[in-house]
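I am opening a notebook on this structure, and I want to write down what I look up, one topic at a time.

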Amino acid sequence: APGVAGVPHVYVNRRGPDHGHDVVMDEPGAVRLFLEHVAGFGHRRVALIDGAPDVDTVHRRVSAARRHCAARGISLTVRHAAMTEDGGWDAMTRILRRSPPGGRPTACGVGSLNQLFGVMAALRAAGGEAPGQMSVVSFDEDACLAFLEVPVTSVSMPLAELGGFPGSTVPGHTPVARSVPMDGVRVLVFLGRAHLYEGLSPAAVVHGVRTAVAAGCRAVVLT
């Protein structure tokens, strides 16, 4: 990539052009949690408001939403919009205007915090409310969500913690974490390790294990 050729680097929360040099969130897992949550409340018509389709995180969320909704028999409406308050407003307004009352989505996932504020404002302007007429879930986590007029549920995506993963200098160790299904169990797999002999601190070396435990892992296998 321009500007980083020959320089050790890692792309955080984006898949870069150099395969294996990225640390990304489990966007499909986040979408699965969102759909399990709203389906548990009986929602069968769901909307997803997100950014431009060529953005890596957006592409992975939308692809996962289409796949999971098809498997569950859930109707999905996708609206791409700017990652701004106006973008969220416009997307929700289009959903409300173009969907027949009996066919409107009853739950909506929102890709960014800025979009969320626009979505909530559009619902209020249309005489609706969350979660009464539409359940709203944010894929952007922030403490301010608890202080809105109506507290909003969010999928926890601790982006700041991704920065704790150092890039490995050992051949064959790629700084990638993947969540994969295995015999009915979700397994978090790190495709590389950090080592003290690389000059890293103990905190950097054990960061992967600490992150796995924070994500809910109860057993760790070191190879």
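Before looking at any partners, I note that two strands pair if DSSP finds at least two bridges between them. I also keep in mind that this is a predicted model.

**Entry 1: the sheet.** I looked up the strand order and found an open sheet of five strands, β4-β3-β5-β6-β7, with parallel pairing. The edge strands are β4 (75-80) and β7, each of which pairs on one side only.

Entry 2: Which strands does α1 touch? I find that α1 packs on the sheet with contacts to β3, β5, β6 and β7, and that its direction makes about 145° with that of β3. Helix α4 (residues 113-125) lies across β3, β5 and β6, and I note that it runs at about 170° to β6.

**Entry 3: the cores.** The largest nonpolar core has 19 residues, and those with the most contacts inside it are Ile49, Met92, Cys108, Leu116 and Leu123. I see that β3, α3 (85-98), β5 and α4 each supply at least two residues of this core, while α4 gives the most, with six residues. I looked up Leu116 separately: leaving aside residues up to four places away in sequence, Leu116 touches Val110, Val136, Ser138, Leu145, Leu148 and Val152. There is also a second, separate core of 18 residues, which includes Val31, Val58, Cys69 and Val78.

Entry 4: Since buried means under 20% relative accessible area, Phe34 counts as buried at 3%, and Phe139 is buried at 5%.

**Entry 5: helix α7.** I listed the buried residues of α7 (residues 207-214), which are His207, Gly208, Thr211 and Ala212. Seen down the axis of α7, these buried residues fall within an arc of 135°, so they line one face of the helix. The face turned away from that buried side carries the exposed residues Arg210 and Ala214. Just after α7, I note that Gly216 takes a positive phi of about 110°.

Notes. Residues numbered from 1 in each chain as written. Predicted model: local features only at pLDDT ≥ 70, side-chain atom pairs only at ≥ 80, totals over all residues. Heavy atoms only, no water. Buried < 20%, exposed > 50% of the residue type's maximum accessible area, 1.4 Å probe, protein only. Helix = DSSP H or I, 4+ residues; strand = E, 2+ residues; numbered from the N terminus. Arc of directions from axis to C-beta. Contact = heavy atoms within 4.5 Å. Axes fitted to C-alpha atoms, helices over the stretch in contact; angles between N-to-C directions. Core = buried A, V, L, I, M, F, W, Y, C linked by side-chain atoms within 4.5 Å.
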